[in-house]
Amino acid sequence: MRLFPAELEERAFRCGLVRDWKSAGLVSAESAAKLADSVGPAPERAAWPLRLVLFGFSALCFGALVALFLKDFNDRAIVGVGCLIAAAAAIAAAETLIRAFAFHRHGVEEALVASAVGLAAFAAERLVGRGAGWHFSTAVFASTLTAAAALAYARYGYRLAAIAVAGGLGLLVVAFDAGERETRVLLAALYAALLAAVTLAPGLPRRERERLELGRFFLALSVPLVLNLRLEHLAGGYDSYGRAALDAFSRATLAAIFAIPAAWLAWGLASRARALIWAGALGLLVAQCSVKPYLGIARHSWDPALLGLELIVAAYALKRWLDAGPGGRRGAYSSEDAGGERGGGALGLLAGAIAAAPASAPAGPGAPRGHGGGFGGGGASGSY
């Protein structure tokens, strides 16, 4: 089913490992060159910035083209058939680029496949959900999106397709409309089960596990987020939402949004899984920011500054603890940059993040003040 040969995928994965080892300073340039020669030539692919630009531009152009051709049709069946034709054309174009021009992670073919998945789901909703209620149409869209994304991942192995599968399944749960609290619990259970399945699946090659790291991060971070009852209040102002008494479910979710990220963080540290470490750390950060909205306590403009100070102190304490270990390490972890000679990488990263989010908006520039001119006119009496 997979379009790309296993040998090509394995070679691309190993070339990426060598490139990462060299950039991290784990191997010298000479050793990296020998390793690259033993692995073989790396498949051509676009750099990440260019790949993102090409993806966005291609998706925008193709979407505008489809909208242009379908803008004068109002019948749901005609629009659905038109979307199916456009999806088939996108897949044909992507296959041609991959087979005839050896496109491998260039962004253009990925945008075409992503567009085909979205168009197929929209076409199914237009054709099957004709005149039906909102929940049925959403269920049709979500089911088709999940199936199309799963086929796209099986065929092309794109990370975005794996995330679309999880998103489609989540949207399908929402379409059942089991109630807000029940839906949150079902979503958390679904994403936790998917995370366990992806992590514990036997027989997966290492390259496939690495490809699913972004999906693992999405799943792990989504579990506490869907249980957070005050997530939408984090982007609000500094007003109080009232000190309403918390019921049993609210208290349980408040405990869960701390306990689950802590479990992910411990699991990630034990298994050296960066996706779980990042998901656990960000989940704990979101949970701490949610305490005041949960309890109905008014927030203040200096809260971000206090949070930044707390993170800096925590980073400094973590660095001191790592440096106090044998050889400046605690197991597989160290405060030293990989291949570097100076430590403090984590502290610098957190300090930079805090500096990028000031507690209050900086004051704008003052009004311009003239100093007069020395060649006559209105400012002749001033100094030049």
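Me: How do you know how far to trust the chain, going by pLDDT?
Reply: The mean pLDDT of the chain is 85. Of its residues, 84% reach 70 or more. Over residues 340-369, however, the pLDDT is below 50. The model still has 23 contacts for that stretch, beyond near neighbours in sequence. Residues 373-384 also stay under 50, with 12 contacts beyond four places in sequence. Where pLDDT is low, predicted coordinates should not be read in detail.

Me: What makes up the chain, in helices and strands?
Reply: There are 15 helices and 2 strands. Of the 384 residues, 34% count as buried. The accessible surface comes to about 21800 Å², and 67% of that belongs to carbon and sulfur atoms.

Me: Why is E9 called buried?
Reply: Its relative accessibility is 4%. Buried means under 20%, so E9 qualifies. E9 is found in helix α1, residues 6-23. Leaving aside neighbours within four places in sequence, E9 is in contact with R2, F4, H104, R105, R207 and R211.

Me: Why is W21 called partly exposed?
Reply: W21 has a relative accessible area of 34%.

Me: What makes the largest nonpolar core?
Reply: This core has 32 residues. F62, L119, Y156 and Y158 touch the most other members. The elements giving two or more residues are α3 (48-70), α4 (76-101), α5 (108-128), α6 (134-156) and α7 (159-175). Helix α4 gives the most, with 8 residues. A second, separate core of 25 residues includes L221, L254, A256 and L276. In soluble globular proteins, nonpolar side chains tend to be buried together.

Me: Which residues does Y156 contact beyond four places in sequence?
Reply: Y156 is in contact with R2, L3, F4, I91, E95, I98, R105 and V113.

Me: How do you know that E110 and R51 form a salt bridge?
Reply: Their side chains meet at 2.6 Å, N to O. The cut-off is 4 Å, so the pair counts as a salt bridge. E110 is in helix α5 and R51 in helix α3, 59 residues apart, and the pair links distant parts of the chain. Both residues are buried. A search of the whole structure finds 19 salt bridges.

Me: Why are R216 and E213 about one helical turn apart?
Reply: They are 3 residues apart in helix α10, residues 213-227, which means about one turn. R216 is at 10% and E213 at 18%. Buried means under 20%, so R216 is buried and E213 is too. Elsewhere, salt bridges that share partners join R2, E9, R105, E208 and R211 into one network.

Me: What makes the phi of D177 and of R272 worth a check?
Reply: Most residues other than glycine have a negative phi. D177 is not a glycine, yet has a positive phi of about 50 degrees. R272 is not a glycine either, and has a positive phi of about 60 degrees. D177 lies in the loop between α7 and α8 (180-200). R272 is in the loop between α11 (248-271) and α12 (274-289).

Me: Why is R272 called exposed, and D177 partly exposed?
Reply: R272 has a relative accessible area of 62%. Exposed means over 50%, so R272 is exposed. D177, at 48%, falls under that cut-off and counts as partly exposed.

Definitions and conventions:
Residues numbered from 1 in each chain as written. Predicted model: local features only at pLDDT ≥ 70, side-chain atom pairs only at ≥ 80, totals over all residues. Heavy atoms only, no water. Helix = DSSP H or I, 4+ residues; strand = E, 2+ residues; numbered from the N terminus. Buried < 20%, exposed > 50% of the residue type's maximum accessible area, 1.4 Å probe, protein only. Contact = heavy atoms within 4.5 Å. pLDDT = per-residue confidence, 0-100. Areas by Shrake-Rupley, 256 points an atom, 1.4 Å probe, with all protein chains shown as cover. Core = buried A, V, L, I, M, F, W, Y, C linked by side-chain atoms within 4.5 Å.
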